[in-house]
Amino acid sequence: CTVNIPIMHCGLHNGPLDVGARRWVAVLESGPRAALSGVSALQHEGIDALTDDAIHIAVPHGAERRRLPGVVRHETRRLREQDLVTTGLRRTTPAVSAVFAALWAVTERQAVFFLVLPVQQGRCTAAHLAEALERVRRHRFRAALWRAVADIAEGARSVGELDIGRALARRGLPRPDRQVKRSRPDGTVFLDLAWDVWGLTLEVDGVQHDLPWMQLSDTLRDLGTLAEGKVVMRVPLLAWRLDEARVLDGVEAVFRSRGWAPAAA
């Protein structure tokens, strides 16, 4: 290697660097106050479902400009020493990384996705996200990100769950409890949305629920919920995307069948 990075990351060879070594090079070559951040820092923490191959580096505003292949440099006034992980590669904490990733996202939906992932995978909490987001005074996604953090704090753990929960609220349907814990003989499960007073639950299914072992898990979960006297509504996200209005009509019909009626105007 031609740069001064730890042997355990670089190795004694002349071939291409692996992604871990490339991150070390990017941080060290970007200046003394640079840090791995955004999607790259989330990937470094082992968070799944992220596929960005670029290496994202946060540097203080006005830092010396350095061009590095495959490295995206983000100047920011929000980078503080207390936001950094102090062991190993210099990087921002998961919550700060998620907020930076959201601010650097292309679309609002992508930004919300970056907030959901680290909480879903146990790397930070909604309170950590809120603390990091408080320093953001102006940004085109700011309002959407605060709404997302509020929903995450209430238990939402996927973008699909956020979408459906908000659509139910717009329809005027009762407010659900999220990620409701249930103890079963074979372990603990968490129900996506639940309305105990109406005896209803709703599960939001992404494409992973088509896998055989997920189908088995879902079947056992639904049977357990039915045994507790609750009706299970299961909404595949693909069906939701195809015709949100008709799915909402169907969910509302279920509520009406159990005695619910909309509030008088």
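1. A word on terms before the pocket: on a 1 Å grid over the protein atoms alone, a pocket is an open set of points with protein on both sides within 12 Å along at least five of seven lines, while a cavity is a set where a 1.4 Å probe fits but cannot get out. Lining residues have an atom within 4 Å of a point. Points are joined across faces, edges and corners, and a volume is the space filled by probe spheres set on them.

2. Please keep in mind that this is a predicted model, in which local features need pLDDT of at least 70 and side-chain atom pairs count only at pLDDT 80 or more, whereas totals for chains, interfaces and linings use all residues. Residues are numbered from 1 along each chain as its sequence is written, and side-chain values use heavy atoms, with hydrogens and water left out.

3. The largest pocket has a volume of about 850 Å³. Its lining counts 30 residues, and Ser158, Val204, Gly206, Gln208 and His209 lie nearest the centre. By class, the lining has 12 nonpolar, eight polar and 10 charged residues; here Ala, Val, Leu, Ile, Met, Phe, Trp, Tyr, Cys and Pro are nonpolar, Asp, Glu, Lys and Arg charged, and the others, Gly among them, polar.

4. Which helix gives the most to the lining of the largest pocket? That is H5, with five residues. Elements that each supply at least two residues include helix H8 (159-171), strand E7 (187-195) and helix H9 (212-227). Helices (H or I, at least four residues) and strands (E, at least two) are DSSP runs, numbered from the N terminus.

5. After H5 comes Gly122, whose phi is positive, near 75°.

6. There is one cavity of 30 Å³ or more, and the largest cavity holds about 40 Å³ of space. Arg78, Val96, Val99, Phe100, Ala132, Arg135 and Val136 line it. Helix H4 (residues 94-103) brings the largest share, three residues. The lining divides into five nonpolar, no polar and two charged residues.

7. Leaving aside residues up to four places away in sequence, Ser37 touches His56, Ala58, Thr92, Ser97, Phe100 and Trp104.

8. Finally, the rings: the structure holds four aromatic pairs. Phe100 and Trp104 are stacked, at 5.2 Å centre to centre and 5° between the planes. Rings of Phe, Tyr and Trp (its six-membered ring) pair if their centres lie within 6.5 Å; planes under 30 degrees apart are stacked, over 60 edge-to-face, and the rest tilted. Phe100 is buried at 3% relative accessibility, whereas Trp104 is partly exposed at 24%. Trp195, Phe255 and Trp260 form one aromatic cluster.

Technical notes: Contact = heavy atoms within 4.5 Å. Buried < 20%, exposed > 50% of the residue type's maximum accessible area, 1.4 Å probe, protein only.
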